[in-house]
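Here is a friendly walk through one protein model, meant to be read with the coordinates open beside you. Please load the structure and follow along.

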Amino acid sequence: MTAPRRCAALLSLLAVLLLAGCSTVPSSSPTVRITQVAQPPSGDVGVEPFGPVAGATPEEVVRGFIEASASPARNHPVARQYLAAGAAESWSDADGVTIISRDYAAVRTQPGTVEVTASQVGTVDRRGVFTIAGDEPYNRSFTLVEEDGEWRITDPPPGLVMLQPDFERTYDQLDAFFLDPTRSRVVPDPRYLVSGDAQLNLLVERLIAGPAPTLAAGVENPLAGAELRSAVEVSGQTATVDLTWPDQVTDTTLEAAAGQLVWTLVRAGLGAVEVLRDGQPLDVADLPVTQTIDDWVRLDPDYAPADAVGHYLADGALRRATDGEPAPGPAGEGVYGLQSAAITTDREGALGLTAGVSTTVSPTGAPATLFAGPYGGEMAPVLGGPGFTPPTSAGPRAEVWTVRDGTEVVRLAAGGAPQTVSATTLAGLGRATAFELSPDGVRAAVVIQGPDGGRLYVGTVVRDEEAVSVRDLRSIAPSLRQVTDVAWRSADALVVLAAAAGEERAVPWSVDVDGWALTQLATAGLPGDRTGLAAAPGRPLLVSADGTIWQLVSGTWVTPIRSAGPLAGAAPFYPL
């Protein structure tokens, strides 16, 4: 499921469409109803598995059924050959995918019964949304009967059971993009779709059908209510999407929907998109007929100002990671004794609201104090409490967030007073020790301390006219224990500090926002006691270790200043 493999699939698709002469858009095609089922491509793709051999044992029949489930052929005719006659007719292969480890066991426990056990990786539902599995293994009993002297399965599970290598070979991860509430950024929503010539059409269908349930309350979908009039067509590197909308749709909605489509299809590998309404170009002022990503740079989900360099804390003072020099103003002089901080930026890269936590300077006598003020200016105490998580900021809004006393999420807007954010499920999960907003401000990553140590959760930030809340906190890396810190590498990927299995020392990991692709990162050159990390789109990863600051360059940890010794400090972060 790598980018080159997706590109290969796309080139195959383009070749098929070009050979079919599909470079024009029919203007009289009937409206296409949006389906909810991830249909495999119409033609056979890849190598088709073998059907059952004569005299196969029950275990061999069950194994053959699982292996045949990886076929991309529509309706899975070979897999149905392993089923009893009635089951072959009634089995639905469109009820999602259960992904299990390749080293599974299929054992006959009694005549006509085979138990399958495996490590469960996760599930993909009918919309193509992946959900990481918990700690429980996959256990499934298959019942078989003899038909014409051959064993056949009578009770196949709904949907497909697929080995992880087969899933990675057959499916691609693609992002559907929706809009944040300010309509200033698109928000990625990963989907997993079968490789092949129907993939782009499926992706647009999923986009129109709406965001994943866990994300829905936090984003907008200008494409809601639209319908495809015909299949998405590709000519060269340009896709044409012909839609019909309700009569009352506004130009603002049409324009926003075009931005969604461009980001979604260009990120899938295309170069440009032509959006039609009822077979005609969108009649929206200043909107070109054929649009590229350059027309929608303002919606970049990973925008980070180039001038917003990394910062860190040393002896209570705010410093820059690029040169080790103090930040301007009293915060850089250590007046507030800060242990952690966050800084907001505007679209032009100007640093704005600065907030920091101190446990040594407390005008009210509280164990910890949150200070806030303009970057380089005087900061004032705005909130006290037993303790705070390091503050965090996100691109679209001039505000910082933190968690007071492990459970109370607090939001501080520039020039405003601290406000409590509703997070009703947080207290029931444990105490939060790290809280980081995604670059688009629509998601929050939280490290919560439970009986087994720190666990990583991701929730959705929901804003309506009356309140702001964090909802749907879900574990995305259940195999990681002793998580100590988290940061966003992009709008759909995180980095985490957590102990590997059997080790006490924390190491950095990367993981997608839905829990897919958990990978341990390099540690070459990194000292042993790792306490904090910082990440931002397009920026080198920063880690504090043994009381010094390090950055990851080409797979090796080096000091931030070339040919200089390590910078003494901790709590690194990037302004956003």
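## A covered helix and its partner

Helix α6 is mostly covered, with 10 of its 11 residues buried. Buried means under 20% relative accessible area, exposed means over 50%, and partly exposed lies in between, using a 1.4 Å probe and protein chains only. Helices are DSSP runs of H or I with at least four residues, strands are runs of E with at least two, and both are numbered from the N terminus. The buried residues of α6 are Q199, L200, N201, L202, L203, V204, E205, R206, L207 and I208. After the helix comes G210, which has a positive phi near 115°.

Before going further, a note on the source: this is a predicted model, in which local features need pLDDT of at least 70 and side-chain atom pairs count only at pLDDT 80 or more, while totals for chains, interfaces and linings use all residues. Residues are numbered from 1 along each chain as its sequence is written, and side-chain values use heavy atoms, with hydrogens and water left out.

Which residues of α7 does α6 meet? L200, L203, V204 and L207 in α6 meet Q260, L261, T264 and L265 in α7, where contact means heavy atoms within 4.5 Å. By class, this contact has 6 nonpolar, 2 polar and no charged residues. Here Ala, Val, Leu, Ile, Met, Phe, Trp, Tyr, Cys and Pro count as nonpolar, Asp, Glu, Lys and Arg as charged, and the others, Gly among them, as polar. The axes of α6 (residues 199-209) and α7 (residues 251-267) come within 11 Å and cross at roughly 140°. Those axes are lines fitted to C-alpha atoms over the stretch in contact, and angles run from 0 to 180 degrees between N-to-C directions.

## Two nonpolar cores

The largest nonpolar core has 45 residues, and L223, V241, L243, W245 and L265 touch the most other members. Such a core is a set of buried Ala, Val, Leu, Ile, Met, Phe, Trp, Tyr and Cys residues joined through side-chain atoms within 4.5 Å. The elements giving two or more residues to this core are β9 (171-179), β10 (186-194), α6, β13 (238-244), α7 and β14 (272-277). Of these, α7 gives the most, with 9 residues.

Not counting residues up to four places away in sequence, L223 touches L207, I208, L243, W245, A257, Q260 and L261. Apart from this core lies another, of 39 residues, with A87, A88, V124 and F130 among them.

The protein is divided into domain 1 (58-158), domain 2 (173-299) and domain 3 (311-521), with bounds that come from an automatic or database domain assignment. The centres of domain 2 and domain 3, taken over C-alpha atoms, are separated by 32 Å. Their contact takes 21 residues from domain 2 and 20 residues from domain 3.

Why is helix α2 (residues 58-68) described as largely enclosed by the rest of the structure? Because 8 of its 11 residues are buried: P58, E59, V61, V62, G64, F65, I66 and A68. What covers them includes α3 (77-80), β2 (105-110), β3 (113-118), β6 (138-147), β7 (150-153) and β8 (160-163).

## Individual residues worth a look

| Residue | Relative accessibility | State |
|---|---|---|
| L215 | 2% | buried |
| L287 | 13% | buried |
| D278 | 37% | partly exposed |
| D472 | 38% | partly exposed |

L215 is found in the loop between α6 and β11 (227-228). Leaving out residues up to four places away in sequence, L215 touches V187, P188, D189, V442, R443 and T460.

L287 sits in the loop between β15 and β16 (290-291). Its contacts, apart from neighbours within four places in sequence, are E255, A258, L282 and W296.

For backbone checks, D278 has a positive phi of about 55° although it is not a glycine, and its place is in the loop between β14 and β15 (280-281). D472 also has a positive phi of about 55° without being a glycine, and D472 is found in strand β30 (residues 468-475).
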